[in-house]
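Let's talk through how the labels on this model follow from its numbers.

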Amino acid sequence: MGCRFTCVDKALHISFYHLGLIVGRHPGYFLIVPILLTLLCVTGFQRVKYEMDPEYLFSPLSGEGKVERAIVESYFKPNYTSRFNVGRITRPGRFGRVIVVPRHGKDMLKSEIWHELRLLDQLIQNETVHWDEEETFTYRDVCARWVDECFQNDVLNLDYVIEEVENRTLNLTFPIMFNPVTWDAHAFPVYFGGTVVSEDGLIISVPSVQLVYFVTADTKRQDARGAAWEDAFLSAVGRAEENHVFRYISTARFASRTLDIELERNTRTVVPYFSTTFVIMAAFSMVSCWMADWVRAKPWLGLLGNISACMGTAAAFGVTMYLGVEFIGINLAAPFLMLGIGIDDTFVMLAAWRRSSAQLSVPERMGRMLSEAAVSISITSITDMISFWIGIISPFQSVRIFCIYSGFAVCFTFIWHITFFAACVAVAGYAERKNLHSMICVKVDPVSKSDKKSWLYRKFCVGGLDLDDPDNPRDNKEHCIMAYFRDNMAPFLSRWPVKVVVMTTFVCYIAGACYGISVMEEGLERRKLSRSDSYSVEFYDREDFYFREFPYRIQVIISGELNYSDPVIQAEVENLTQTFENTTYISSPLYTESWLRSFVGYVRRNQDYLNVSIDTEDDFIRTLKELWLFKPNPFSLDVKFNDDGTRIIASRFLIQAVNISDTNGEKEMVRALRNICHHSHLNVSVFHPYFVFFDQFELVRPTSIQSMVIGALVMMVVCFIFIPNIQCCLWVALSIISIEAGVAGYMALWGVNLDSISMINLIMCIGFSVDYTAHICYACMSSQGSTPEERVKESLYALGLPIIQGASSTILAVISLVLAGSYIFLVFFKMVFLVVFFGAMHGLFLLPVLLSLFGPGSCTASKKRKPLDKEPSDTKRPSDVEKTFPHPFCIPHPSLNPVSHSNFMHRCTNGELKSSSPKHFAKHKEGNYHPRNVENEGKLGNCPHFGIPLPGLPSHMKMYSGGKYGGTSGSLEKDLGLGTSGEDSSESSSSKSQRRLQQREEAGEDYEQSRHQKDGWRKSPSARPSGAEVCRGRPQEFQPPHLMEVYANSGYLSDEGGQHHRSRDRAAAWNRNRPHDNFRQYSPRSKSQNNHYQHHHSRSVPSYIGEMKFP
């Protein structure tokens, strides 16, 4: 790899190796301490602070709506106690609303319906509230008041004339009508929904009526009493609806606390699924950790991996609560995610454990396990933590709180896994070393020693290794799923038609994602914060259907000292008012309430009778106070004077929004109105209490894009630090962009809007998108394969199963959220499913195809094959060294071969090939050989010959191993991500790399073929050495080249380095040019047998030292 900065990688490997040694030697401490820390941290739950205010959670912290509200309240603070006006409030306050529709028909203008509306109103006003254990009150005691009167639904006074209206002897005019009996001015758009009006402005039918009740909320005590009344209101109307008290009307209720109550219900409803999810995850992890080998299987560790994740999450939540961070219902989705992340780390660590040699001590295996898994679990945890902490920059408090809790949970889960779970692995390792059954901890026999046992014993009680013969192929079975990815999946993806299909599918996938992004809707609708079975859903549906024609009464505030007597100022204010009225989102001037327009018009129309002047500022203010701003007039709430009352410092007028049907319309309306304000010469602002929520429409898209861009860049930097390869980082970046685009596009097609909830998931998906793609790229880059196909095959063999396990575990962890019946948790499931599914598909299909086409070796693979096709390898002319020394030998320094030097082949006096350990190396207690002084130990002539060929030796020289089941490579394993290794362990017998696994399956057959070949050599005349030659261990006469074998490695590369492929190809080319008759004359086996033997031993070179024969 180029551009490598491996200091972090090396530091991680070394640090985790030493940590593994410590955990392996003292597992008890690492079991007890995390448990005690968990118990200590969970005491933080007693300091939990529940936060359920929708405005605090789902509106931007510093949005324009809050700034505008601050401006309004600084001049016009609402007074619920004596000066309440519903169109001029700045906060929702405490209220109750009922939307009524007829049970039969589509018209509410009937006497029997109006009679039941009166009964409903009395039921609500007479409901008794018990508060503070002693105090009781009704609506009339806490109602919002205008002067001394409670806020009333004056539209109910139509019951005086409802019979005439029903008989059509009295027509109701829209939008305003004076009651001929009570002389009330009825503003029908406030109360009537879906009104059908004739061309003459007469009301034909009214399909829906709403009643509204406001209570005082000026102080904290009044607010608490108002909350208690709201609970009573919801309960009373709910009982009446459930018990069918009303025969002709159907009700849907809503209160300001409804959203709070629904968020709390969301919290309660998801809690029971914790146990279900834990059981599902425990079963899945135990089955995934199962093996046919009952000793090496680790089902209990699968369960303990889930327990470790739960402990880490609980401890993290407790610490975060100690820090004073509020707790919200959305946080309950975090444990489901942590289970998925935790079990992924479990699979990684167990895979690394299985690759370590069972013959090593438990501390050494623990050190190697954590060292190999260091990059995998670290990059997964760190990218997830960073992606969550990026969410802290979000302007939405709900996103911040969730990301804080989840970030701490990922961190603690990671720490608990490398301590508590690692200690559990160490304990299981000691049991495995004793060959104990993985379930019942009873000592059992390996497969190779269980032939005489009963079939039940062989089925359920065998496993482990035979320490006398640890490389026995019967005790070392290959994983069938891993073999499937290597032998079936990789060749399938290597076919050109399949590549075309994959690339075409990818193009269609991107096209679908782009289309989804283009039609994406923004904003969090209120109904989505409620459960699907909530009473509020019916209210939202009725409101959207009937009351969207005149939805919002908008306040326009002009601040700053202005001389309103100046005709220029009056013209500017009037021009501003008309500009608002001329927009498509504002109704006609009929619905506008402007004190300046009405006052100036009144004075000018009645100038002759009033005998007043408004030409100067003093006259204007005096006349305004005397004629227009008397207390019963609502306009008195729209003018703010300075302290001495001589100048106007702020004023307000009201406009009516019209035909706003959805969140996009709300966003466009707010944007258009604010744009008018920004272009005005006056200091003007627009405001409605719901504008605070509408601000998310403006901020959610840029905030999401900002977070995703920052997250992608940070992920690339993190990947480069842990996987120092530029090309790999580019592929990871492409995958992140592709997956994020797919999640964003297809979530829109799946009915998910871009809001604060989905933004949480988009930020979270940045970290999840790295998990599979980074590791599959790194595996391909690190592969020693000479062609892209071989690299892809090794990558899928190493990572196919872990990707399937990781994706399945994460999806299973969140599948229970579907049953919660909440939009919030349903969005979590949808988006986690999308990112995991797309990530797995990228890792299993797209990236292997792209890497085979454009990855390392794709440009040079074809060039490497051409010389072999044009010229056989054996046509190489001998070098000067070969001509001068017909039998060149190089005796290497022992330090060049740090691996085991056992099983060296040499020829005895009787012509037999035998295996022995050379006297030049003394066996260490751990099984490795080290050089020792051989100066006075025996004669050199009695020793076997060892050597490696010099550069430029003839190409037909071949190598073979003298080991019983093939040698082992001594190179350190490299972490390929997700707990896989690119090279075989030097001592592993239970989990080898691809070629080593194939070798073990063929070991028994090859050993027999080797023995038959040796018998053939002994029968051959050329195999009978003379005495002198026997003494020197050298053959008497030369063998045919196809029998000349060198069982030594020809270079520093391991058997996966690709040297054996070139040796085999040159040998095959020499055999093709050799007459077959001669071949059969000298060979004791058939051609196919010989080729099979050569193929096997070309992959199983155990060392660099061996015996060489030359023609």
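Q: How many salt bridges does the structure hold?
A: This predicted model holds 34 salt bridges.

Q: What makes the contact between glutamate 135 and arginine 225 a salt bridge?
A: The closest N and O atoms of glutamate 135 and arginine 225 are 3.1 Å apart. The cut-off asks for a side-chain nitrogen of Lys or Arg within 4 Å of a carboxyl oxygen of Asp or Glu, so the pair of glutamate 135 and arginine 225 qualifies. The pair also links distant parts of the chain: glutamate 135 sits in strand 3 (residues 135-137) and arginine 225 in helix 9 (residues 220-242), 90 residues apart.

Q: Why is arginine 225 called buried?
A: Its relative accessibility is 14%, and buried means under 20%, so arginine 225 counts as buried.

Q: Why is glutamate 135 called partly exposed?
A: Glutamate 135 has a relative accessible area of 23%. Partly exposed covers the values between under 20% (buried) and over 50% (exposed), so glutamate 135 is partly exposed.

Q: How do you know that lysine 298 and glutamate 432 form a salt bridge, and which parts of the chain does the pair tie together?
A: Here the closest N and O atoms are 2.8 Å apart, and the limit is within 4 Å, so lysine 298 and glutamate 432 form a salt bridge. Lysine 298 lies in the loop between helix 11 (273-288) and helix 12 (299-322), while glutamate 432 is in helix 15 (residues 397-433), so the pair ties together parts that are 134 residues apart in sequence.

Q: Are lysine 298 and glutamate 432 buried or exposed?
A: Lysine 298 has a relative accessible area of 5% and glutamate 432 has 9%. Because buried means under 20%, lysine 298 is buried, and glutamate 432 is buried too.

Q: Which residues are linked in a network of salt bridges?
A: The network links Arg88, Arg553, Glu593, Asp638 and Arg652.

Q: Where is leucine 37, and why is it called partly exposed?
A: Leucine 37 is in helix 2 (residues 27-41). Together with Tyr29, Val33 and Leu40, Leu37 forms a nonpolar patch on the surface, with about 410 Å² of accessible area together.

Q: What makes the phi of cysteine 441 worth a look?
A: Cysteine 441 has a positive phi of about 55° although it is not a glycine. Most residues other than glycine have a negative phi. Cysteine 441 is found in the loop between helix 15 and helix 16 (455-460).

Q: Why is cysteine 441 called exposed?
A: Its relative accessibility is 52%, and exposed means over 50%, so cysteine 441 counts as exposed.

Note on methods. Residues numbered from 1 in each chain as written. Predicted model: local features only at pLDDT ≥ 70, side-chain atom pairs only at ≥ 80, totals over all residues. Heavy atoms only, no water. Patch = residues over 30% accessible without salt bridge, like charges linked within 9 Å, V, L, I, M, F, W, Y side chains within 5 Å. Areas by Shrake-Rupley, 256 points an atom, 1.4 Å probe, with all protein chains shown as cover. Helix = DSSP H or I, 4+ residues; strand = E, 2+ residues; numbered from the N terminus. Buried < 20%, exposed > 50% of the residue type's maximum accessible area, 1.4 Å probe, protein only.
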